[in-house]
Amino acid sequence: VEREIHCFQGGKTERCRDKIAVEEEYELYINGSKMASYMCSPNNIEELAYGFLAERGLKPKSPTQIRIENGKIKVDGELVEAVFTRGEPRFPVEKIISAVEALYTRGSAFRETGAFHGALCFMPSGEVLFHVEDISRHCAVDKCIGFLAKSNIEPSAVGFAVSCRLTKSIVEKLASVGVRLVASKAAPTLQGIQVAEQNGITLIGFARNNRFNIYTHPERIIF
């Protein structure tokens, strides 16, 4: 949305208009029990629910079980086990760089407001399957995982590119569904690196200006 504000520039203050990010509160209920609360961007909410379930090894038996009403995400009915295979794809270096660059070229909300994180999943061929922006870095990753679960695409077959730091909690989400590679323009933490090492994830940080650092499992990259 746009809002009139005061801008200070060139030694003076004047009225101007600025584009502002919107965040909304959602509560996730599974068969009537509250499971999670989110402050996130109001887009791809169904994918958010799929992501929550997938990270816990679950999926709805039927897509019609998920409803969004008045800030409540309701998942009703039988849940079944989500089984993820552990593939071993390899990714050309130029496709990794292109995927991280796509976070900016596709990230219109970030360019307009500066308030959004981005996440996308891509094939070793470089094809981008899904891109999402969210004010919450965790929800951006959840929604990307949720897209894969909803579409019955194996997470181990794709790479992830994200704009956020590769912290323990972010890498754990990816590890829970078998993702094999994640690249970020930002830095990792030691704990994030350790989770990646233990789970066979190629973890890439500081992917900027045609370069990056590889912290774990470089054998998955084709140079």
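**View 1. The loop that holds I20 in the predicted model.** I20 lies between strand 2 (12-19) and strand 3 (24-30), in the loop that joins them. I20 is partly exposed because its relative accessibility is 32%, which falls between the limits of 20% for buried and 50% for exposed. Together with V1 and V22, I20 makes up a nonpolar surface patch whose accessible area totals about 230 Å².

**View 2. Packing of helix 4 against helix 5.** The axes of helix 4 (residues 137-150) and helix 5 (residues 168-176) are 10 Å apart and form an angle of about 5°. The two helices are therefore roughly parallel. Helix 4 contributes R137, H138, V141, D142 and I145 to the contact, and helix 5 contributes S169, I170, K173 and L174. D142 and K173 also belong to a salt-bridge network with E55 and R56.

**View 3. The salt bridge between D134 and K143.** The closest N and O atoms of D134 and K143 are 2.5 Å apart. Both residues are buried.

**View 4. The salt bridge between E27 and K34.** The N to O distance between these side chains is 3.1 Å. E27 is buried, at a relative accessible area of 18%, whereas K34 is partly exposed at 46% relative accessibility.

**View 5. The salt bridge between E78 and K61.** Here the closest N and O atoms are 3.3 Å apart. The pair links distant parts of the chain, 17 residues apart: E78 sits in the loop between strand 7 (72-75) and strand 8 (79-81), and K61 in the loop between strand 5 (58-60) and strand 6 (66-69). E78 is partly exposed, at 46% relative accessibility, and K61 is exposed, at 57%. The whole structure has 17 salt bridges.

Note on methods
Residues numbered from 1 in each chain as written. Predicted model: local features only at pLDDT ≥ 70, side-chain atom pairs only at ≥ 80, totals over all residues. Heavy atoms only, no water. Patch = residues over 30% accessible without salt bridge, like charges linked within 9 Å, V, L, I, M, F, W, Y side chains within 5 Å. Areas by Shrake-Rupley, 256 points an atom, 1.4 Å probe, with all protein chains shown as cover. Salt bridge = Lys/Arg side-chain N within 4 Å of Asp/Glu carboxyl O. Helix = DSSP H or I, 4+ residues; strand = E, 2+ residues; numbered from the N terminus. Buried < 20%, exposed > 50% of the residue type's maximum accessible area, 1.4 Å probe, protein only. Axes fitted to C-alpha atoms, helices over the stretch in contact; angles between N-to-C directions. Parallel < 35°, antiparallel > 145°, perpendicular 65-115°, else oblique. Contact = heavy atoms within 4.5 Å.
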